[in-house]
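This briefing concerns the fold of the chains, the contact between them and selected local features. Please consult the sequence and the model alongside the text.

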Amino acid sequence: MIAGQQKRAVNRLESRKLMRPLVDKMYIEGVQAALEGKPVAWCMFNWWKGDPILRAMEVTPVYPENYGTVCAAVGAAQEYLGISDAEGFPTHLCGYGRNCLGYAAKMVDEGQVPSQAPIGGMAKPTLMMGSSGLCDARYKWFQALRRYWDVPVWVLEFPHPGPNEIFLEGTIDNSVRYMAAELKEFVNFLERLLGKKMDWDRLRELLNNQEQVLQVWWETNELRKAIPGPMHARDFWTIMAPCLYGATEKESLEGYKRVFQEVRARVDAGIGAVAQERYRLMFAELPPWHSLGFFDKLAERGWNFVIESMGYHPPPPLELGGSNDPLERIARWTLWFFVSSSLHARKRDYPLVAGAQPYLTWAREYKLDGLLLHPLLTCRTGTFWLGRTTNVLRDQMDVPSLIVEGDIVDLTVFDESRALSQATAFEETMEHYREVRKKRGV
Amino acid sequence: MIQASAKGLDHARQVCRNREAAARQSKAEGRKLMGYLCSYPPLEMITAVDFVPFRLLGDVAEPVTRADAYLASIICPFLRSALDLGLKERYDFLDGFLGTHVCDCGEKFCHLWNYYLPSQYHHFIDIPHLVHEASFDFLKGGLELFQSTLEDYAGWPMSRERLKDEIRAHNQQRALVRELYELRQVDPPLLSGAENLEIMVALMSIPIEDGCELLREVIAEVKERQDGPQKKAARLLLWGSPLTDAGLIELIEGLDGNVVMDDICIGSRHFWPDVELTEDPLDGIARRYLAELKCPRTFRETTESYAKDQEVRFGYLGDYARDWSVNGVIMQSVRYCDTHGYEVPALKDYLDGIGLPNLYLEHEYTMIALAPLRTRVQAFLEMMECS
């Protein structure tokens, strides 16, 4: 340790340092592409569905959703939120969306990337690629951006089969067929827009890389079931970005292999992410990006966040059959992300609990003592199931929850000191339920 | 209480205000009731197996107390209220529930409802967000699956002819609703916006054939009435998310405005388009519910310009404004409705573009939340008079 440097409560992974530059590179590439007159797409996170197609067509993707986290983390978001409000967008809309709408309005006003935009800003798009996956903001926000950008919006369609209906014959096949047909339309749309043909060999190559990234990153998270937990949620949130936004890239695969090796080594050596792991917790769903230091204070108390943010985890290895057609292959992977939790639960004879399914499985497999739930003022998707999750985990697993309200972008609605003041009482609750589980022989 | 002797407008008002009693009455007559949410469930298929469709609504007069344990306060207050009523056993007469993917919270609500309020029959139809040919194929596949589960539950096959009969019956009701709306094209309108809303709620609470009879009575009565709304300076179109109580409209109509047309899903949005009678009735049903319903939850393809996009998305509102001689628009939404919320600036751009003054109101789906809106509506109406 360098003299004078204080040892942090969370023992961060060294390999995480390889990953952050990959995200920075993404923004630099976007600005560079625009300067060179190459196509740039503003994209929603799309669960590995549209990115490989864009990259195979040599379109540079930029992710306003991720940019929201960047703006929040460096304190630039409040200005953009204010502009969005002034433009007439309701204040309850997605914090990432409001940040982006404010950014776009400012960019149009200034006629260039806004001055002092974090990490070089986002270049003007050639097209926008929304998605209908999970939340309404993913397509409504980009539709709303048409006020500022006179460029086409393409929406990637995501079926949402019901938790019971996925077990009915025909549901999965109908969904895969639809997604693949829509992806074919997307390719046609890009070919018309860009005046060039899809490079199918390149697409297959990118898919191979993407699937390897998903595999390695999934295996890494499986290692986190170890006691003590070798990797803290803070590292997950730093490391997840290349998988979400750059899984087709070779550097991402190399980075994830290094992360895997480091986590594997920690498990073998019995090294935890928190020096004295007293409690194993899950965080749901999106963190307060503006106040991540909060987790260090909890780590000082022995709270180790061993799993988190279900929506941003890679799916387990594909069990939905295969196909040589690259578009159907993409469709199967993406659908698998959405249905794997229920299909796995049934296979393992776990209770089927609809929206709380992944959390129930994690509570069991990661041996959780408690959950820290973060209802978000501006995110209904990330918040909807939290109440139900609290009830299900308490009733079925004797695992308690602590609820701390806040927002992903707007720091004014997160009260860190109030949240920390509840820590002692929640530790007593976790101790109580530990005894209850012990008596039940769990 | 619903009096047996009640007719026309009085009957509609009584059903609206006692809709659960109306449902229990259907039940007592040996009918089975299928609850549904929003405007996307294909009601023709529900009635084709002799279920009475009953739309789940909230109640602005009932404080949410039970649903707090399941849904955070930032979730759609309309859905929170509907769940609260379910947990308080106010919908315990339902024999089944049909959910559809209407919006993100609506979709999740359907699964939550099924978990905490299970019924004999439950099904969820995944409605696409896009209007492409592949979307119709996908939806038709979902409808076929729905049909097979319904048939299993009912114990008999749903014939094409029976389904076509049901389409005709529902189209007849839709035609009557459009005829009712025409009574507000004159100045002053023959029917108030508040009265209209109560009729719409009533229609969503009783069997289709009873609804048609009710509409015929109301239309005949309204055409002859002498005590209709007074002429006022503002002829308003009301746009937005579900509105189930007439309070907001009464507030507006208590000032210098008549609500003469609406684009809300307890209103024209729900009833306007017919189902085309196609050889395979599921084709017509898929097309109507996916392409013809005008809810912001469905993404319409972008075009070569923002201006043309607006025409594609909102052009029908311009038609309403012309046909109902509208001179102002009130956009309203329950707080935390994302699909309507993102729509507001673009819709405002469109309305500004066609020269229609407009106002956006957000409310909490409670009675008391309406009071502060009065001043804003009053100022808007005064501004309209000055312009």
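Two strands are taken to pair if DSSP finds at least two bridges between them. Helices (H or I, at least four residues) and strands (E, at least two) are DSSP runs, numbered from the N terminus. In strand S6 of chain B, B:Met261 stands opposite B:Leu237.

The model is predicted, so that local features need pLDDT of at least 70 and side-chain atom pairs count only at pLDDT 80 or more, whereas totals for chains, interfaces and linings use all residues. Residues are numbered from 1 along each chain as its sequence is written, chains are lettered from A and ligands numbered from 1 in the order in which they are written, and side-chain values use heavy atoms, with hydrogens and water left out.

**Overall form of chain A**

- Chain A contains 17 helices and eight strands.
- Its radius of gyration is 22 Å, close to the 22 Å that the globule rule gives for 442 residues, so chain A is as compact as a globular protein of that length. The radius is taken over C-alpha atoms, and the rule is 2.2 Å times the number of residues to the power 0.38.
- The C-alpha trace of chain A spans about 65 × 55 × 45 Å along its principal axes.
- Of the 442 residues in chain A, 64% are buried. Buried means under 20% relative accessible area, exposed over 50%, and partly exposed in between (1.4 Å probe, protein chains only).
- Among contacts in chain A with a separation of 6 or more, 77% come from residues 24 or more positions apart. A contact means heavy atoms within 4.5 Å.
- Chain A exposes about 16100 Å², and carbon and sulfur atoms supply 50% of this area. Accessible areas come from the Shrake-Rupley method with a 1.4 Å probe; for residues, only the protein chains shown count as cover.

**Sheet and helices of chain A**

- Four strands of chain A form an open sheet in the order S6-S5-S7-S8, with parallel pairing. Strand S6 (303–308) and strand S8 (401–403) stand at the edges with a single partner strand each, so one side of each is left without a neighbour in the sheet.
- From one strand to the next, the twist averages 30°. Axes are lines fitted to C-alpha atoms, for helices over the stretch in contact, and angles run from 0 to 180 degrees between N-to-C directions.
- Strand S7 (residues 370–373) of chain A runs parallel to S8(A) and is joined to it by three bridges. A:Leu373 is placed opposite A:Ile403 in S8(A).
- Helix H15 (residues 386–397) of chain A lies across S5 (279–284), S7 and S8 of chain A, and runs at about 170° to S7(A).
- Helix H6 (residues 137–144) of chain A is mostly covered, with eight of its eight residues buried. Among them are A:Arg138, A:Lys140 and A:Trp141.

- In strand S5 (residues 234–240) of chain B, seven of the seven residues are buried, so S5(B) is largely enclosed by the rest of the structure.
- Both faces of S5(B) are covered: B:Ala234, B:Leu236, B:Leu238 and B:Gly240 are buried on one side, and B:Arg235, B:Leu237 and B:Trp239 on the other.
- S5(B) is joined by six bridges to strand S6 (residues 257–263) of chain B, and the two run parallel.

**Contact between the chains**

- The contact draws 57 residues from chain A and 60 residues from chain B.
- Together the two chains bury about 4900 Å², with 58% of it on carbon and sulfur atoms. Buried area is the accessible area (1.4 Å probe) that two parts lose on being put together, summed over both.
- Of the area that chain B buries against chain A, B:Lys108, B:Phe299 and B:Tyr342 supply 16%, more than any other three residues.

**Backbone features**

- The peptide bond between A:Ile227 and A:Pro228 is cis, with omega about 0°. A:Pro228 lies in the loop between helix H8 (200–223) and helix H9 (233–245) of chain A.
- A cis peptide bond also leads from A:Ala284 to A:Glu285, with omega near 0°. A:Glu285 belongs to the loop between S5 and helix H11 (293–299) of chain A.
- B:Tyr336 is not a glycine, yet has a positive phi of about 75°. B:Tyr336 counts as buried at 10% relative accessibility.
- B:Tyr365, likewise not a glycine, has a positive phi of about 60°. B:Tyr365 counts as buried at 6% relative accessibility.
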